[in-house]
Amino acid sequence: MDNTYLIRYGEIGLKGKNRPLFERRLMDNISRALNGLGRARVSRVYGRLVVESDIDSALLVESLRKVFGIVWVNPTLRLPLELEAIYSGALRAMRDAAAGLRLPPGEPVTFKVEARRSNKSFPQTSPELNALVGGYLLDHYPGLRVDVHNPDVLVRVEIREKNAFVYAGDVPGIGGLPVGSSGRALLLLSGGIDSPVAGWMAMKRGIEIEAVHFHSFPFTGEKSLEKVRELCRLLAGYTARIRLHVIHFTEIQKEIQLRCPEELRVTLMRRMMFRLAAKVAGQRGALALVTGECVGQVASQTLESLSAISVVTDLPVLRPLVCMDKEEIIERAQLIGTFATSILPYEDCCTLFLPRHPATRPTAAEAARAEEQLALEELLSESLEKTVTEDIKARG
Amino acid sequence: MTVSEAYLDNSATTRPYPEVTRAVAETMAENYGNPSSLHRKGVAAERALTQARERVAASLNVTGGIIFTGGGTEAINLALKGLAPGKRGRHVIATSVEHPAVLNVCEQLRAQGIEVTLLPVNQTGIVDPEQLRAQLRDDTYLVSTIHVNNEVGAVQPLADIAAVLADWRRDRRRVFWHVDAVQAYGKLALRPRELGVDLLSVSAHKVHGPKGVGALYAAPQTPLRPLLSGGGQEGGLRSGTENVPGIAGFGVAAALLRREGVEAAEKMRRLKKQLVEGILAGAPEAVLNGPPLADGNGNPDSAPHIANISFPGLPGEVLVHALEQEGIFVSTGAACSSRKKTGSDVLKAMGLSAPLLAGAIRFSLAPVNTAAEMDFAVAKTLAVVRELRRLYGQ
């Protein structure tokens with residue numbers, strides 16, 4: 001038999017006339033997240049979504065916890081509109097939720113019943129149901145105590161048109177907005193810790209991400225590219241698939257190395273990366289760039305550097321990590337599952353081109369002057385011609 | 001025929017001979033019985049095992065004592081962990097240029113309360129047998145020495161080590177000797193009986209055999225205990241249904257080794273000389289790590305197939321990728337990361353300076369390589385080094 005889950009979402013309930021669009025997007029994303037795992041039907045009921053599915057419930061909840069836009073997931077009992085069925089369902093939900101609390105044995109469990117009767121033809125009113133179900137639970141579940149203000153377990157009973165839904169125990173979702181509801185942006189993805197987290201945070205705000213990676217073979221190896229693919233695969237877990245543009249960066253790097261002042265190398269490299277990303281964004285209809293930059297982390301991330309770099313593009317540059325501490329970023333990377341891959345030791349050997357004393361306060365004018373030594377447009381179009389695009393799917 | 005590619009990473013793994021892949025595929029498809037089954041399919045599978053066992057034994061110049069394992073690492077683990085320390089055994093000696101398979105097992109033994117002494121090496125990576133004599137103690141129950149070091153090709157003086165151990169055994173109690181011959185196999189003659197070696201590990205995929213198969217030779221009366229318990233295969237020392245296709249492929253590779261014989265080693269030695277001399281002539285700043293090239297009489301300290309060369313100032317990892325771009329496949333032990341400046345432990349043990357550590361790459365040959373490939377590799381390597389030096393402003 002199929003299990004039923006209630007899906008509650010927060011913010012998208014607030015989006016006025018766009019609300020049906022957001023809900024549709026969320027339903028699609030849920031269907032996609034569950035695709036291939038088993039049978040699943042998603043429907044919309046009174047400001048929430050209902051998933052009915054034969055998928056193993058632990059697996060299903062785990063999958064739904066990677067769908068942005070979901071605030072709560074509740075495994076729910078779908079019951080006939082009969083008092084007896086509601087009683088035994090409430091008892092079952094109570095038991096499951098109490099087991100999930102992991103309280104020490106013998107510790108009393110506090111609870112509260114919250115009934116909502118939207119089907120007014122049901123004989124009992126909401127307050128009556130609260131009292132009846134609460135009384136039944138007190139009689140049948142030893143060691144239970146009522147606490148209407150701060151209960152350990154909240155047992156909810158919803159009386160609808162054809163069924164009663166009973167659930168207790170909320171599983172938190174990851175929140176945010178459904179991916180795709182906020183348009184598309186290009187993520188500058190390195191193999192490090194920061195950029196995957198930045199991409200994840202942008203996705204959380206409903207942005208569809210495509211990634212660009214700058215590959216400087218032989219200064220970065222095939223293994224570092226594999227690592228970037230793996231990071232895409234991990235991020236795709238939150239959205240089904242990520243398109244990755246691997247941009248050939250070797251010639252640009254060599255030219256900067258040979259022709260430009262050492263202390264400006266990083267600034268110039270970043271400016272080229274931004275220009276290339278902006279061009280790809282243009283081709284792909286992306287409206288912004290997303291980077292893992294964070295103020296003060298390295299020389300290229302001082303406010304002076306950030307502005308000398310991003311001045312080369314008109315696109316908004318989103319920097320979700322801009323004011324986070326490294327520890328916070330690492331914690332987030334661990335939470336989303338990219339950390340272990342990010343620290344694999346195929347450190348990109350571009351670091352070997354790093355100047356010993358990079359400029360910490362470069363100006364855009366300085367950088368532009370240095371770039372006069374470069375055949376900018378030629379280098380850019382050559383790089384773009386050699387770009388290889390691949391679609392990376394989540395691990396199935 | 002023009003050369004466009006040269007695979008010179010044969011110490012990492014070799015390309016299986018066509019005879020080997022054929023034997024593996026045919027055995028897998030046709031001879032699929034379980035060697036323990038009583039019916040004729042079982043008997044046929046067992047016959048394949050027996051034939052492979054004899055071939056591998058012959059390639060090691062022994063008549064029995066072959067235990068098939070899941071590779072060289074497992075053979076080494078079985079040798080070092082399976083050997084019972086005996087009542088008074090508390091001490092193990094190994095060289096400081098062992099493969100991680102040995103060094104990490106030594107770490108585990110240490111955690112179990114066994115004392116481990118690592119013998120130092122000279123700047124060419126070779127131990128002094130007198131050091132071994134000085135370190136032997138009444139409670140030493142095991143000595144483990146690598147035969148050919150996998151990174152620089154240094155050949156340990158097994159005959160002299162054998163003499164030291166023979167002296168020791170004459171005077172005192174028994175001490176067991178394990179030789180990690182994974183890199184020596186197929187390159188140098190192995191004579192465990194003659195030298196008094198008790199345990200010797202080899203791997204199939206380093207000699208054009210399949211991956212996932214190796215063997216441990218154990219001399220008669222060596223008190224080994226199994227690491228894996230189960231159905232009692234391999235004389236009770238390695239339970240689990242045998243990897244018949246892999247073992248059959250190993251047997252074929254071993255038979256081919258015997259047929260190639262010393263000529264293969266001589267050929268590799270010639271190729272190595274050509275390669276090293278070509279590179280050093282064109283890049284005078286480069287340094288050959290480990291023992292020098294063979295002189296006219298043949299240098300017994302240097303393996304015929306490994307040349308470890310440092311290009312000071314250039315990162316080894318970038319060299320590997322740049323060479324790969326030109327169709328040349330080699331290895332580096334050292335990581336290039338500027339954040340994690342770790343180099344090879346073996347090269348460190350030999351006392352190499354930091355730039356030599358960071359710029360080291362390993363060329364490793366096989367009998368299938370050709371003189372034309374060496375010319376190609378020399379030309380490409382020199383071109384790559386020149387281009388990188390230009391970029392790095394050197």
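**View 1. Domain division of chain B in the predicted model.** The domain assignment of chain B divides the chain into domain 1, which comprises residues 6–14 + 262–391, and domain 2, which covers residues 18–255. The centres of domain 1 and domain 2 of chain B, taken over C-alpha atoms, are separated by 28 Å.

**View 2. The contact between domain 1 and domain 2 of chain B.** Domain 1 of chain B contributes 24 residues to this contact, while domain 2 of chain B contributes 23 residues. On the side of domain 1 that touches domain 2, the elements giving two or more residues are strand 10 and helix 10 (345–349) of chain B. Sorted by class, that side of domain 1 of chain B holds 11 nonpolar, 11 polar and two charged residues.

**View 3. The open sheet of chain B, with strands in the order 9-10-12.** Three strands make up this sheet, and their pairing is antiparallel. Strand 9 (287–289) and strand 12 (360–364) of chain B each have a single partner strand and stand at the edges, so one side of each is left without a neighbour in the sheet. From one strand to the next, the twist averages 35°.

**View 4. The pairing of strand 9 with strand 10 of chain B, and the helix packed on the sheet.** Strand 9 and strand 10 (residues 306–310) of chain B pair in the antiparallel sense over three bridges, and B:Val287 stands opposite B:Ser310 in strand 10. Helix 8 (residues 244–282) of chain B packs on the sheet, where it touches strand 9, strand 10 and strand 12, and the direction of helix 8 makes about 10° with that of strand 10 of chain B.

Terms used:
Residues are numbered from 1 along each chain as its sequence is written. Chains are lettered from A and ligands numbered from 1 in the order in which they are written. This is a predicted model: local features need pLDDT of at least 70, side-chain atom pairs count only at pLDDT 80 or more; totals for chains, interfaces and linings use all residues. Two strands pair if DSSP finds at least two bridges between them. Helices (H or I, at least four residues) and strands (E, at least two) are DSSP runs, numbered from the N terminus. Axes are lines fitted to C-alpha atoms, for helices over the stretch in contact, and angles run from 0 to 180 degrees between N-to-C directions. Two residues are in contact if their C-beta atoms, placed from the backbone, lie within 7 Å. Domain bounds come from an automatic or database domain assignment. Ala, Val, Leu, Ile, Met, Phe, Trp, Tyr, Cys and Pro count as nonpolar, Asp, Glu, Lys and Arg as charged, and the others, Gly among them, as polar.
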